[in-house]
Amino acid sequence: MAFLEIKDLHVSVGNKEILKGCSLKIEEGEVHAVMGPNGSGKSTLANVIAGNPVYQVTKGSLLFRGENILEMTPDERARAGIFMAFQSPVELPGVGIAQFLKTALNEKLKSQNKNPLDAVQFIKRLKTRATALNISDEMLKRSVNEGFSGGEKKKMETFQMAFLEPDFCILDEMDAGLDIDALKTVSQGINVMREKTRSFLLITHFQRLLNYIEPDYIHIMIDGKIVHSGDKSLAKILEEKGYDAYR
Amino acid sequence: MHTDNILLIKKGDVIEQRPLSLSESFCPSVITPLECFLIVFKGDVNVRVDLKEEGAFCSIKTLYLASKTNKINLNIQVNHLASQTKSSQIIKGIATDKSKVFFNGNIYIDNKAQKSDGFQNHRSVLLSDDALVQAVPALEIYADDVKCAHGSATGPLDKNALFYLLSRGITEKMAKKMLLESFIFDMVPNEGLAITQQWIENHV
Ligand SMILES: Nc1ncnc2c1ncn2[C@@H]1O[C@H](COP(=O)(O)OP(=O)(O)OP(=O)(O)O)[C@@H](O)[C@H]1O
Ligand SMILES: [Mg+2]
């Protein structure tokens with residue numbers, strides 16, 4: 001049984017078909033990268049795995065640990081261990097970061113019949129994860145993403161992931177907008193999470209990220225399909241030659 | 001559950017609470033400005049404020065919470081009758097089930113009321129397809145040197161915001177509760193918080 005298995009997935013928004021028979025298999029502990037031109041459907045794939053109801057799956061299957069997750073609501077999928085760091089995270093004015101993460105974690109623990117964290121355990125977990133990603137106390141006091149710069153939002157997404165410790169991490173253009181130091185910090189934060197039981201799907205446009213987080217496989221998505229897969233050397237070829245050879 | 005309309009009104013340093021009556025009228029002055037907060041669940045509410053003294057000020061915050069087949073007729077009339085008067089109205093609402101809300105907000109600025117400033121903003125969230133909110137803001141301005149702004153927006157909870165919360169494992173009920181509380185949190189005084197949160201809890 002694969003960790004994640006996507007077979008012949010067709011996805012539409014309204015009458016427009018975006019994914020046109022996308023297949024992808026990820027095993028436990030693997031890091032996969034998806035690269036591809038703007039508008040090829042990478043974020044759509046990420047959103048469909050996370051369960052965004054805007055996208056309608058018209059054909060194909062999506063199995064997570066052998067279970068058909070197309071039947072599951074987004075929150076059920078999240079509690080089952082799926083996490084997506086958004087390409088463009090929304091701002092939630094008035095929803096404090098700590099309250100937000102506490103609620104998210106406690107809902108997950110509850111679904112596993114575990115006790116919620118007490119205040120001290122919670123603060124400790126929040127602080128250690130924040131420090132590792134260079135996130136200040138001042139930032140933790142703010143509302144979720146409200147008024148954060150582009151790069152800060154990306155950092156906060158990674159922080160949420162580090163805090164919630166999901167089993168399957170989807171990172172949609174985590175590197176976009178990060179400065180050189182932040183990219184290193186965030187990559188480090190992701191690398192320390194690499195484990196035998198945790199898998200990653202990185203969406204990116206740049207080889208640079210993949211120098212920091214070395215993927216096991218790279219896939220090229222063109223027009224709603226994975227048209228080519230290879231090992232990490234593929235990123236360098238793409239960097240030099242672009243996508244023309246695969247169109 | 002409590003469903004009588006409530007008026008919270010600032011008197012000096014304290015906030016007084018009493019039932020809101022069908023018609024309320026106020027005449028604030030410079031030394032006793034009007035600062036009040038209304039929670040409306042149903043029925044007719046008519047509020048009239050006359051700013052007759054130069055430099056007088058009023059702030060009216062209204063929260064309506066409409067459910068079941070309840071109907072709300074909310075009329076707020078602010079009259080700027082002297083110069084340099086200032087008014088601020090913030091109206092927020094949540095409508096669910098088959099409730100109907102009609103809001104008329106009228107700012108009148110007399111020709112004697114130069115350098116006055118009138119502000120009105122209305123925002124509401126619809127939690128069901130059968131709920132209706134109709135807002136008719138009106139400005140009547142007869143002075144030329146004034147500031148006057150109004151805005152109105154009504155719609156369902158933001159889909160992207162809801163999905164974001166769900167994608168973190170938060171249940172739909174809890175997510176809606178969090179979004180609604182964040183929608184109203186900046187306008188509800190402490191004294192009105194418990195009753196508002198209770199209403200949200202019961203209606204998501
Ligand atoms: N909610 C939506 N409504 C309408 N069209 C959409 C929606 N989401 C995606 N699309 C369209 O589907 C196509 C794929 O979009 P998607 O965001 O998946 O691309 P992407 O590969 O992530 O691109 P980028 O590299 O620019 O982030 C685009 O043409 C986009 O306009
Ligand atoms: Mg994208």
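## The shell around ligand 1

Strand S2 (16-26) and helix H1 of chain A each supply at least two residues of the shell around ligand 1. H1(A) gives the most, with 3 residues. This is a predicted model.

There are 16 residues around ligand 1. Five of them come nearest: Gly39(A), Lys42(A), Ser43(A), Thr44(A) and His205(A). By class, the shell divides into 5 nonpolar, 8 polar and 3 charged residues.

## Polar atoms at the ligand

Ser43(A) has a polar side-chain atom 2.8 Å from an oxygen atom of ligand 1. Ser43(A) is also one of the residues that come nearest to the ligand. For Lys16(A), a polar side-chain atom lies 3.0 Å from an oxygen atom of ligand 1. For Gln87(A), the distance from a polar side-chain atom to an oxygen atom of ligand 1 is 3.0 Å.

How much of ligand 1 does the protein bury? Taken alone, the ligand exposes 630 Å². The protein buries 66% of that area.

## Where chain A meets chain B

Now turn to the contact between the two chains. Chain A gives 29 residues to it, and chain B gives 17 residues. The area buried between chain A and chain B is about 1800 Å². Carbon and sulfur atoms give 73% of that area.

Polar links cross the interface too. Between chain A and chain B, 7 residue pairs are in polar contact, counting pairs with both residues at pLDDT 80 or more. The rule finds 1 salt bridge across the interface. Which residues form a salt bridge? Arg168(B) pairs with Glu157(A), and their closest N and O atoms are 2.8 Å apart.

## The chain A side of the interface

Which elements of chain A give two or more residues to the side that touches chain B? Four are helices: H1 (42-50), H2 (74-79), H3 (97-111) and H6 (150-164). The others are strand S6 (82-85) and strand S7 (92-96). By class, this side of chain A has 18 nonpolar, 7 polar and 4 charged residues.

H1(A) gives 3 residues to the shell around ligand 1. Helix H1 (42-50) also gives two or more residues to the side of chain A that touches chain B.

Note on methods:
Residues are numbered from 1 along each chain as its sequence is written. Chains are lettered from A and ligands numbered from 1 in the order in which they are written. This is a predicted model: local features need pLDDT of at least 70, side-chain atom pairs count only at pLDDT 80 or more; totals for chains, interfaces and linings use all residues. Side-chain values use heavy atoms; hydrogens and water are left out. Contact means heavy atoms within 4.5 Å. Buried area is the accessible area (1.4 Å probe) that two parts lose on being put together, summed over both. A salt bridge is a side-chain nitrogen of Lys or Arg within 4 Å of a carboxyl oxygen of Asp or Glu. A polar contact is a pair of N or O atoms within 3.5 Å; within protein, one must be able to donate a hydrogen and the other to accept it, and residues adjacent in sequence count only if both atoms are side-chain atoms. Ala, Val, Leu, Ile, Met, Phe, Trp, Tyr, Cys and Pro count as nonpolar, Asp, Glu, Lys and Arg as charged, and the others, Gly among them, as polar. A residue is near a molecule or strand if one of its heavy atoms lies within 4 Å of it. Accessible areas come from the Shrake-Rupley method with a 1.4 Å probe; for residues, only the protein chains shown count as cover.
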